[in-house]
Amino acid sequence: MSLANDYFLLYHGITFEQNLDVEPIETKINEEIFTIFALIISATRKNYDKYLALTSFKTLCQQINVKSPSNNNELNHLQHNIVEAILSNRSKQNISVLHSSFEYLKDESILNSENYTKLISLFDYKELDLVEVETKISDEIKDEDINKSSFKELKTTVEQLIAELKNDLNNQEILDELNNTSDYLNNQKFSIGITGVMNAGKSTMLNALMGREILGSAVVPETANLTIVKHNPTDNAKVFYWNQQEWDRILKSAEQLESMRDFVNETNRIFGDELKNYIKPVSRFDQVDINDLSSYTSAEASGKKCNLVKYVELGSKLDFLSDGIEIVDTPGLDDPVIQREEITKEYISACDMMLHLMNVSQSATLKDVEFIIDALLYQNISKLLIVITRADTVSKEQLDEVIKYTKSSIERQLKAQNKDSQLDYILKTIKFIPISGKMALLHRTGREQEAIDAGYNIEDTGILEIEKYLNETLFGSNSQKGELVIQSSKNQLQKIIEKQNSFYNYELILLSKSKDELEKELEEFNKKKVVNTRIFQAMNEDINYYKNDAKEYITSLETFVQSELLELQTVIKQRVVSDVRYSFEKTKKRPENSRIKVIVETAIKDGIIDVIRDYRYKFIKKSQTIGEQCEQKYHDMGFTIGHKNENFDARGFFQDDFKSGFLTSNNEVLISQVIDVVSKSKESKMNELDREIELLIKNQFTSIEADIKAKAKKVSSLLIESFFSTLNAPLKTFEQKLKNDEEMLQKQINSFEENDKNKAQLSIDIHKNIKKLENVAKTIKGLN
């Protein structure tokens with residue numbers, strides 16, 4: 001269902017600008033209605049005007065009891081409601097009608113081939129999780145959920161199976177693969193992002209979780225930098241400084257933002273010529289004594305080295321971190337250095353979950369709410385825990401009021417951004433837990449009597465509830481990452497077992513042959529070797545050709561990104577100018593600064609998402625073509641690259657890529673500039689306003705474009721390597737199998753007399769080994 005939910009971002013460039021009262025689809029759903037749905041959602045931002053002008057289009061809207069849209073924004077809202085209706089009423093029959101309708105529209109040249117392919121893939125049967133039975137299957141799912149094991153339990157079982165296989169097998173190739181699977185399983189990282197404004201109580205809560213005052217007033221008072229805490233056998237710390245390119249961006253930002261200007265002036269005054277010793281072309285880092293870390297990271301330290309520090313890596317042997325947990329402790333959201341916010345978003349977007357802390361006495365500030373919405377809508381965060389700190393200072397009723405107020409603040413901000421349709425999704429993603437960090441820390445650092453005297457047992461502090469939530473989210477039976485890791489490990493073990501079984505089966509075949517037959521087989525084997533070598537060489541050359549073709553295609557996609565971002569600049573300018581013009585016409589006043597901020601910010605974010613989704617679509621489409629060509633060549637050789645009886649599907653390689661890390665740029669400078677220009681605008685000089693805003697956007701988009709191109713190319717290049725490694729795997733496997741078979745054949749000939757005497761026992765032993773592997777394979781398949 002994920003692709004269909006991403007429909008607007010992939011197929012349209014939708015950003016809702018006004019609060020529109022568009023009625024949901026309330027009509028009896030049947031096959032005819034799905035045919036109408038197909039036509040309406042076929043309209044795009046580039047051709048919608050042709051649809052809206054048709055009388056027949058208005059008639060179709062009447063048939064589904066909705067008002068005919070008069071502009072693109074209203075059409076987008078209608079399409080949103082239609083997609084919701086499709087998802088709510090999806091069945092194989094209804095989606096089949098949808099597909100047939102798209103086919104008809106393509107045949108009538110209403111849909112072009114590219115958009116037809118997009119729509120078919122968006123409403124793919126597999127993506128929509130369509131099943132024949134409903135009640136029975138849901139009951140089965142409930143039973144399965146009850147019996148599902150946690151990640152840690154499954155991991156222990158898989159480790160035991162690996163150890164069992166190692167004891168039973170002595171093939172070095174197989175043992176190496178088992179070790180690789182074990183390393184993969186044990187080297188997984190589960191990262192937690194900790195966010196909040198300054199003085200939200202992040203360090204106190206983290207110290208309580210870790211059972212030691214490693215952060216906060218004891219070591220790092222008023223932390224001013226992003227800190228990454230990892231497990232390490234010994235305590236250690238590294239500080240990384242800004243590089244020259246990053247510092248140049250800070251200097252440029254200071255030209256527009258007063259808070260940044262103060263920061264730069266202070267830094268120049270303190271460091272003077274010494275600055276060049278820290279700011280290098282490539283980021284310099286220093287290994288420092290953990291007890292001296294505060295002089296590098298504290299905003300209160302006299303040397304102000306924290307101004308030059310980009311982030312800190314902290315290694316600790318704490319038990320809390322021993323399961324592969326990494327903590328990303330961020331500077332306050334109200335940090336004046338906007339580049340730190342960009343780094344925070346870079347790391348947060350890669351985290352498995354986020355903890356956002358809010359001081360009960362100043363909770364749900366605008367900055368809090370904006371950050372929460374940004375994280376859930378744009379930064380790929382799927383699990384968010386909001387921790388209300390200093391809970392010991394208020395009553396339970398006041399805590400409930402804070403949570404209620406936070407939810408209503410999120411709703412208000414979503415409405416301001418015209419994204420109120422996302423409210424239910426966001427509130428379902430958030431969990432609230434109040435905590436008394438100070439009391440929890442007393443319990444965890446040997447001072448529990450102080451907390452008890454103050455009326456707080458460990459259960460009353462909230463720390464146990466937070467630990468339970470973290471454990472269930474990261475390692476519980478519903479852990480998304482845990483499930484992915486276990487499934488991948490299972491797949492690797494199943495392949496290893498299949499390979500070992502092929503060894504055993506070939507060995508059984510050889511045991512049944514006479515020495516003459518063995519020698520004749522070796523002779524035939526050697527004759528085929530020359531032919532196979534030529535085939536392998538030709539296939540390798542083909543794969544290298546396709547790989548170079550894919551790399552060239554990535555380069556060509558940069559032109560696509562550049563073109564789309566140029567179009568986005570025009571969209572942003574038009575939205576701002578149109579809003580100013582509308583405001584002058586209706587109220588004789590300029591629009592509020594807050595409104596201009598929302599227009600610019602949401603247009604940039606939604607526009608970039610649209611560009612990246614289209615980039616991803618083109619990337620996958622190219623990969624699909626290459627994969628199908630390779631699959632055909634493999635088929636000609638007699639084996640496949642996917643599962644038997646299944647066609648190659650490139651989407652399986654790129655399920656979660658291109659989903660994060662592209663919206664980390666801080667747009668405060670551009671917003672500030674646009675607001676400044678708008679505040680001076682006059683109704684009689686709208687053309688001048690148009691030109692000024694166009695120039696501002698163009699200048700700021702230089703760095704945005706460079707950043708997006710670099711990230712897209714980096715992700716694409718890594719995926720290409722992984723993709724072609726997967727495509728090449730069957731060839732490598734087949735080559736290795738022939739080599740192993742030859743060695744086994746030669747070994748059987750060399751020891752024929754000995755083996756012939758013990759043929760019966762050897763055969764029994766091999767069958768026993770095969771049976772053992774079958775039992776292990778059944779256990780692996782049954783892991784849940």
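The largest nonpolar core of this chain has 188 residues, and M205, L355, I466 and I608 have the most contacts inside it. By nonpolar core I mean a set of buried Ala, Val, Leu, Ile, Met, Phe, Trp, Tyr and Cys residues joined through side-chain atoms within 4.5 Å. Buried stands for under 20% relative accessible area, exposed for over 50%, and partly exposed for what lies in between, with a 1.4 Å probe and protein chains only.

Before going on, a note on where this comes from: it is a predicted model, in which local features need pLDDT of at least 70 and side-chain atom pairs count only at pLDDT 80 or more, while totals for chains, interfaces and linings use all residues. Residues are numbered from 1 along each chain as its sequence is written, and side-chain values use heavy atoms, with hydrogens and water left out.

What is I466 in contact with, leaving aside its neighbours within four places in sequence? The list is M205, L209, L355, L385, V387, I433 and I435; contact here means heavy atoms within 4.5 Å. There is also a second, separate core, of 34 residues, and I41, C61, L98 and L111 are among its members.

Now the chain as a whole. It has 31 helices and nine strands. These are DSSP runs numbered from the N terminus, helices being H or I with at least four residues and strands E with at least two. The C-alpha trace spans about 100 × 75 × 60 Å along its principal axes. For 784 residues, a compact globule would have a radius of gyration near 28 Å, and the chain's 31 Å agrees with that. That radius is taken over C-alpha atoms, and the globule rule is 2.2 Å times the number of residues to the power 0.38.

Of the 784 residues, 49% are buried. The chain exposes about 38800 Å², with carbon and sulfur atoms supplying 47% of it; areas come from the Shrake-Rupley method with a 1.4 Å probe, and for residues only the protein chains shown count as cover. If we take contacts between residues at least 6 apart in sequence, 83% of them join residues at least 24 apart.

On to single helices, with α14, residues 258-271. At 1.5 Å a residue its 14 residues should span 20 Å, and the end C-alpha atoms are 20 Å apart, which agrees. The expected span is 1.5 Å times one less than the number of residues. Which residues of α14 are buried? They are M260, F263, V264, T267 and F271. Seen down the axis of α14, these buried residues fall within an arc of 95°, so they line one face of the helix; the arc is that of the directions from the helix axis to the C-beta atoms. E258 and R269, on the other side, are exposed. The buried residues of α14 pack against α13 (244-254), α15 (275-278) and α17 (338-348). Just after the helix, G272 takes a positive phi of about 55°.

Helix α17 holds E341. Is E341 buried or exposed? It is buried, at a relative accessible area of 18%. Not counting residues up to four places away in sequence, E341 touches K367 and N666.

Next is α28, residues 668-679, whose twelve residues should span 16 Å; the end C-alpha atoms are 16 Å apart, in agreement. Its buried residues include V669, L670, I671 and Q673. Among the elements covering the buried residues of α28 are α13, α17 and α27.

Helix α27, residues 593-637, is where V611 sits. V611 is buried, with a relative accessible area of 3%, and it touches F560, V561, E564 and L565, residues up to four places away in sequence not being counted.

I33 counts as buried at 6% relative accessibility. I33 and I64 are 31 residues apart along the chain, yet their C-alpha atoms are separated by 7.0 Å. I64 is also among the contacts of I33, together with T27, K28 and Q63, when neighbours within four places in sequence are left aside.

Last, helix α31, residues 759-782. Its 24 residues should span 34 Å, and its end C-alpha atoms are 35 Å apart, which agrees. I766, I770, L773, V776 and I780 are buried there, and the buried residues of α31 pack against α10 (151-168) and α25 (480-511).
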